[in-house]
Structures are given as C-alpha cells and as structure tokens.
Amino acid sequence: PSNMFAFVALGYVVDLAENLWKDLKLQHSAQSLANEIKSGIENHGMVAHPKYGRIYAYEVDGLGNHLLMDDANVPSLLSAPYLGYPVDEMVYRNTRKFILSEQNPTYHTSKDGKVKGYGSPHMAARIQKNIWPMAQIIQGLTADSQEEKLQLLDMLVNTDGGTGRMHESYNPDYPERFTRSWFTWPESLFAELVMSLTNQCPEKPVKFSLPETKQTDAKSRIKT
C-alpha cells in the first residue's frame with residue numbers, strides 16, 4: 001500500500017513539475033519512478049489466493065514470498081482507490097473480500113457478531129483483538145452501496161465508548177477500552193463518510209442521498 005500511495009504522490013509531483021515549476025528533469029524523473037513502482041506492483045504485488053483468487057499482497061520480497069493481510073492505518077490496501085491509485089477492479093474486489101474476512105489475520109468480530117472490522121498488529125500489545133474506526137470508515141468510503149455505508153455508520157456511533165469521538169483502536173467486545181481519547185484523523189474521515197451520503201461531498205466516485213422518509217439509527221444519532 002505504501003508503494004501505491006507513492007505512485008499517487010509522484011503523480012502530483014509530475015503535475016507540479018510540468019505546470020508550475022517548469023522543471024522538465026524532475027518531471028521525467030518522477031514519472032519514471034512512478035512507472036517503475038506501478039510495474040513492480042503489477043508484476044510482483046499480486047498473488048493467487050486459494051479462496052478469493054488474485055489479490056494484492058500487503059508485502060512481497062521479490063523472491064516469491066509474500067504477506068497476506070491489511071493494516072488499518074492509511075495507506076492500506078483497502079484505501080487504495082480512495083487515495084487515487086488505479087486499481088485493477090477485479091483484483092481489488094477480491095482483495096476487499098479477503099480483507100473483510102477471517103482470512104485476514106487483523107480482522108476481528110465481537111462475540112455477539114455485531115461489531116466487525118480490522119486493526120493493526122502494532123496495537124496488539126495494548127488491545128490484542130483491536131479494531132480501528134479508521135479502517136471501518138475507509139471501508140465505508142470505498143463501499144459501493146448505501147446499505148453498507150449506513151451499517152458502518154451505525155457500528156461506529158455504537159462503539160465510541162460513550163465519548164462521542166472516534167478513537168485510534170478499540171476492543172470490539174468492550175468499546176470503552178480504546179486507545180487515543182482524541183484523534184482528529186478518523187474524526188475528519190468520519191465526517192467525510194457522513195458527507196459521502198449527501199450532495200455535500202462532490203467528486204466522490206460513489207455518492208448516495210439518505211432517504212427522506214426512512215429514518216435510520218445511524219442517521220438519527222448523527223443529527224443529535
């Protein structure tokens with residue numbers, strides 16, 4: 001995922017070098033590196049999963065070895081299209097199914113099955129079975145259905161530990177056990193997720209309008 005993000009960032013460098021700085025050498029250098037990164041992802045960054053088919057790997061070593069997982073932090077594999085990386089649609093959909101399943105070692109479900117999501121290995125020392133609101137929000141921002149977005153919003157407002165805030169991570173069985181009492185990054189993303197359900201968030205590939213006649217739990221809580 002970091003290489004996908006680097007490809008996108010280099011695209012900005014190419015644009016600035018060409019249209020603002022008029023630096024032809026930098027433009028060509030950035031474009032060359034971006035092409036090299038994308039070629040590496042396409043030729044070495046995809047593997048065949050026995051259940052989900054061809055998916056993006058989280059890490060590869062160029063020697064045939066790979067790590068299949070996703071980390072909740074952004075950039076992540078799940079966030080690739082949100083960040084602007086031109087994913088292979090079929091491979092991304094397969095990858096998404098893998099990430100949001102128990103095949104992903106960072107994916108967790110509460111004992112009652114009502115809370116689902118994934119976290120990060122680096123937070124396991126604090127909360128072994130951790131879920132990150134950021135990952136749930138990115139799932140919503142890359143979802144192609146209004147129903148999935150609303151389900152995630154409802155889940156998010158029900159796992160804030162009674163604080164009215166988004167945290168870094170939390171225990172799905174005990175949401176009051178969380179890290180970072182104040183974390184504006186996921187809070188900003190949460191606002192974007194809400195806006196993606198309205199016409200207030202332009203330039204989004206997937207945008208819906210909340211139904212006027214059907215009041216959902218997530219919608220009613222957000223308004224209050």
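Which side chain has a polar atom 3.0 Å from the backbone nitrogen of Lys 51? Here are some notes on that and a few other places worth a look.

1. Ground rules. This is a predicted model, where local features need pLDDT of at least 70 and side-chain atom pairs count only at pLDDT 80 or more, while totals for chains, interfaces and linings use all residues. Residues are numbered from 1 along each chain as its sequence is written, and side-chain values use heavy atoms, with hydrogens and water left out.

2. His 49. The side chain in the opening question belongs to His 49: one of its polar atoms lies 3.0 Å from the backbone nitrogen of Lys 51. His 49 sits in strand S1, residues 46-49, and is buried, at 9% relative accessible area. Buried here means under 20%, exposed over 50%, and partly exposed in between, with a 1.4 Å probe and protein chains only. Leaving aside neighbours within four places in sequence, His 49 is in contact with Arg 54, Ile 55, Leu 68, Phe 98 and Gln 103 (contact means heavy atoms within 4.5 Å). Leu 68 is 19 residues from His 49 in sequence, and their C-alpha atoms are 9.0 Å apart.

3. Overall picture. The protein has eight helices and eight strands; these are DSSP runs numbered from the N terminus, helices being H or I with at least four residues and strands E with at least two. Of the 224 residues, 45% are buried. Among contacts between residues at least 6 apart in sequence, 54% join residues at least 24 apart.

4. Helix H4. Phe 98, one of the contacts of His 49, is among the buried residues of H4 (89-99), along with Val 91, Tyr 92, Asn 94, Thr 95, Arg 96 and Ile 99. At the start of H4, a side-chain oxygen of Asp 88 comes within 3.1 Å of the backbone nitrogen of Met 90.

5. Helices H5 and H6. The axes of H5 (133-141) and H6 (146-157) come within 8 Å and cross at roughly 160°. That makes H5 roughly antiparallel to H6, a label for angles over 145 degrees. The crossing of H5 past H6 is left-handed. On the H5 side the contact uses Pro 133, Gln 136, Ile 137, Gln 139, Gly 140 and Leu 141, and on the H6 side Glu 148, Lys 149, Leu 152, Met 155 and Leu 156. By type, these residues divide into six nonpolar, three polar and two charged.

6. Glu 187. This residue lies in helix H7, residues 184-195. Its side chain makes a polar contact with the side chain of Arg 165, at 3.3 Å. A polar contact is a pair of N or O atoms within 3.5 Å; within protein, one must be able to donate a hydrogen and the other to accept it, and residues adjacent in sequence count only if both atoms are side-chain atoms. Not counting residues up to four places away in sequence, Glu 187 touches Arg 165, Met 166 and Trp 182.

7. Backbone spots to check. Most residues other than glycine have a negative phi, and most peptide bonds are trans. Val 74 and Pro 75 are joined by a cis peptide bond, with omega about 15°; Pro 75 is in the loop between strand S4 and helix H3. Lys 22 has a positive phi, near 55°, and is exposed at 61% relative accessibility. Arg 180 also has a positive phi, about 65°, and is partly exposed at 45%.

Methods. Axes are lines fitted to C-alpha atoms, for helices over the stretch in contact, and angles run from 0 to 180 degrees between N-to-C directions. Angles under 35 degrees count as roughly parallel, over 145 as roughly antiparallel, 65 to 115 as roughly perpendicular and the rest as oblique. A crossing is left-handed if the near helix is turned anticlockwise from the far one by less than a right angle, and right-handed if clockwise. Ala, Val, Leu, Ile, Met, Phe, Trp, Tyr, Cys and Pro count as nonpolar, Asp, Glu, Lys and Arg as charged, and the others, Gly among them, as polar.
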